[in-house]
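Open the model in your viewer and keep the selection tool at hand. The stops below go from the whole chain to single residues.

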Amino acid sequence: MGEGQVTVVGRALPSLPQYRKDGVTRRLCASVHLDEDFARRVNRDLTGDRLDAMGLTLGINFVALARHARAAVARREALDGQLAWLGVALLVSLLTALWGLGSGLGSVALVGVYGPVVVLAASWWLVHRTEAQAREAAQNVLRNSDKVEKLVPPVEPDAEAWLHDLKRANVLPYADAAARTTPFVGSGSKIKEVVWQPIDVSRPADGPGGAKLPLLPFDAVDLHTYVARQMEGISGLDGLRARNRLYVLGSNAYLLPELLPERTARPRAQIPKQFVQAGLLSPGAGMRTHLCLERVGEGGRLIVSMYLRAILHPPSLTWEVAAYAIPPLSGRFYRVDRLPSAPFERWRSLVSHATSRTWPELRGAWGRRRERNRQRRNTERNLTRLRRDITEQNLLVDCGAHGSLREDIGDWDQAGYAERIDAQDFLFRLQQGVLVATERFLQDHNVDTGSFDKAQQIISTQTYNISGDITGPSNFGNNGQISLNGQQGQGGPGHGGHGHGGSPQP
């Protein structure tokens, strides 16, 4: 929580508690310790061997999440390994008891009888200890003031290096299946897709005494660079992330060696900026560059993204604009808030958990280990076969990303009034910021902005409406479409399970 005072226009005011900037990352890192399925998915997606690209981080520290997922998976596999051998000991004890009874050896039979009791007691203690460690780790993630990635050991250096690069990705291959809808995979629910009114940029502005000023030449790269640098200050959105990014059709990634130098490996997350700029001036085969504006809401609960592409074909200029939003996390990620913390309640909860789970865990340990090994072998075999086909038969593989982790775990049912209002505010500020930046850029290049002024009047009337469940027809009317003042944009589906949200993490 924040403390102290803040001064606003000479007025000293108390500082209210604030959401953590890394709140979503911490909540996900806590959740992998409590949700085995989620931990295994994260471990596989972030550090597993793969040939396809991964969706953008979108406000999540993937390095920290990968480390905690690995620690959670290792803890669980250690438990299964121990329980598997205890299961063998249980079977041996039962067989010993039966043999002793059949042979008339009472002492041997007695040992065989007590053996299962000892095995069950040891299993109960292991299940209890593992659950206690998982809960402690989850709660420590939220409460510890240290950087979350420092709380657990690192994973493989090459995996972490790739995740670091992904945070600053300037290229993203997108799956062929998304080509008909959007290249911006994993960005959430579509709010708007539109091409703005064309602007005449061929007429010079008037100078002193009525003389025409000389037009200063510019291209789309110049315009994108200017808007990217000026947007945070013009829009007033502190922390706005602006980056030019080349979007590449997944099956065409091999055409760009800088993106895919080795066709049997995963694509790179960063390429030389000259190729990103080339995607503006001369788009390639399924390759276009967009200016990506990303604004993360308080505590990372909401993410609004706007994707821009300047289409400059003299004498006219226009902007391609697409806006997306990702809602807060679904209710399953608030379980850590409901863990008992009082000593007696914590003890009783752990005892209840161990008592109810010991036998199922013990009975299924060998089966779980065998199934995981089978899946691991199948994955390795399939990747080996695919790599061989790529090398020997020149097989073309779609290596594009299908979505993002952050999109998959969002749920519009968790979006309250504040998130909906913030999303609309972000979108309006981004739209107005692009218009102001464009006007200033044209003025700096001595372009007559009369045509721009007329276009701006039309563009500024377009609206955004984010209300409640983004897929609900009652919120948008016209079969769930979002009103854009005469235009319609189809609302995309919300993701994630339904549940009750916990209290926000300060």
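How many helices and strands does the protein chain have? The protein chain has twelve helices and eleven strands, where helices (H or I, at least four residues) and strands (E, at least two) are DSSP runs numbered from the N terminus. This is a predicted model, in which local features need pLDDT of at least 70 and side-chain atom pairs count only at pLDDT 80 or more, while totals for chains, interfaces and linings use all residues. Residues are numbered from 1 along each chain as its sequence is written, and side-chain values use heavy atoms, with hydrogens and water left out.

**Whole chain**

Select the protein chain and colour it by accessibility. Of its 506 residues, 47% are buried; buried means under 20% relative accessible area, exposed over 50%, and partly exposed in between (1.4 Å probe, protein chains only). Contact means heavy atoms within 4.5 Å. Among contacts between residues at least 6 apart in sequence, 77% join residues at least 24 apart.

**The cores**

Next, select Leu 28 and Leu 65. In the largest nonpolar core, which has 54 residues, these two touch the most other members. A nonpolar core is a set of buried Ala, Val, Leu, Ile, Met, Phe, Trp, Tyr and Cys residues joined through side-chain atoms within 4.5 Å. Helix α3 (residues 62-103) gives the largest share of this core, eight residues. Now show what surrounds Leu 28: leaving aside neighbours within four places in sequence, Leu 28 is in contact with Phe 38, Ile 60, Leu 65, Leu 329, Phe 333 and Ile 409. Another core, of 42 residues, lies apart from it and includes Leu 237, Leu 280, Leu 430 and Phe 452.

**Two helix pairs**

Select helix α6 (residues 220-235) and helix α7 (residues 273-281). They pack at an angle of about 115°, with axes 8 Å apart. Axes are lines fitted to C-alpha atoms, for helices over the stretch in contact, and angles run from 0 to 180 degrees between N-to-C directions. On the α6 side are Ala 220, Val 221 and His 224, which meet Gln 277, Leu 280 and Leu 281 of α7. The contact of α6 with α7 has four nonpolar, two polar and no charged residues; Ala, Val, Leu, Ile, Met, Phe, Trp, Tyr, Cys and Pro count as nonpolar, Asp, Glu, Lys and Arg as charged, and the others, Gly among them, as polar.

Move to helix α10 (residues 417-444) and helix α11 (residues 450-459), whose axes come within 12 Å and cross at roughly 180°. The two are therefore roughly antiparallel, a term for angles over 145 degrees. Gln 431, Gln 432, Leu 435, Thr 438, Glu 439 and Leu 442 in α10 meet Phe 452, Asp 453, Gln 456 and Ile 459 in α11. By class, the residues of this contact are four nonpolar, four polar and two charged.

**Backbone details**

Most residues other than glycine have a negative phi, and most peptide bonds are trans. Which peptide bond is cis, with omega near 15°? The bond from Pro 314 to Pro 315 is, and Pro 315 sits in the loop between β8 (303-313) and β9 (316-326).

Leu 58, not a glycine, has a positive phi of about 50°. Leu 58 is in the loop between α2 (36-47) and α3 and is buried, at 2% relative accessible area. Asn 394 also has a positive phi, about 55°, in the loop between α8 (343-393) and α9 (405-408).

Note on methods:
Angles under 35 degrees count as roughly parallel, over 145 as roughly antiparallel, 65 to 115 as roughly perpendicular and the rest as oblique.
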